[in-house]
Amino acid sequence: MSDTLEEVERLYKSYYNKLKFFFLKSGLTNESAEELCQETFIKIYKHHQKYDPNKGSENTWVYAIAKNELIDFYRRNKNEKTIIDWEKWENLTFSSGSSQNDAEEKMLMEQLNKSIHQLKEPEKSIVVLHCIHGKSIAETSEQTGIAQRTVSRRLVSAFKLLKDELKMSGIDGSWLQGVQE
């Protein structure tokens with residue numbers, strides 16, 4: 001058995017249930033969550049040789065692949081109406097906090113989740129559809145029933161509020177870029 005296959009099997013045993021839970025918390029059905037787990041591990045297998053531990057932890061790498069699979073899933077299914085289940089979104093995290101960088105990322109994600117949760121509608125749905133689910137302004141407009149220009153303005157406004165919330169929490173929100181009108 002090759003080293004790569006053994007390593008991927010180890011990752012599969014370590015991360016399968018965590019990734020499935022991650023996908024379920026993102027609002028997917030059990031069947032879709034299992035499908036995305038499989039797709040994630042196929043990508044891990046194909047790109048395992050490219051993983052560089054100097055660039056980030058294994059955990060961060062695995063979850064980055066999973067997050068990209070989730071974004072791709074929503075893009076493939078963009079014509080389906082998205083219903084945001086806020087209870088599932090509320091505690092969504094992307095890492096386990098196993099290292100200093102992961103702990104900082106976890107703290108950032110927790111604060112960002114809290115800040116997004118505090119947004120009023122429709123800004124909350126606009127941010128989640130556009131930023132988390134990867135929908136375009138046009139797709140977000142279509143799914144929310146709000147004009148594109150209004151979606152764009154509300155997104156800029158929501159980003160400003162999120163940056164201010166993060167700043168008040170002692171977190172640099174400068175990486176959070178708004179959209180152009």
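Leaving out neighbours within four places in sequence, Y45 is in contact with T4, L5 and V8, contact being heavy atoms within 4.5 Å. The model is predicted: local features need pLDDT of at least 70, side-chain atom pairs count only at pLDDT 80 or more, and totals for chains, interfaces and linings use all residues. Residues are numbered from 1 along each chain as its sequence is written, and side-chain values use heavy atoms, with hydrogens and water left out.

Y45 lies in helix α2 and is partly exposed, at 44% relative accessible area. Buried means under 20%, exposed over 50% and partly exposed in between (1.4 Å probe, protein chains only). Between Y45 and L11 the C-alpha to C-alpha distance is 9.8 Å, across 34 residues of sequence.

Helices are DSSP runs (H or I, at least four residues), numbered from the N terminus.

| α1 | 3–25 |

A nonpolar core is a set of buried Ala, Val, Leu, Ile, Met, Phe, Trp, Tyr and Cys residues joined through side-chain atoms within 4.5 Å. In the largest one, of 21 residues, L19, F23 and I44 touch the most other members. Helices α1, α2 and α3 each give two or more residues to this core, and α3 gives the largest share, eight. A second, separate core has 14 residues, among them I116, I126, I132 and L162.
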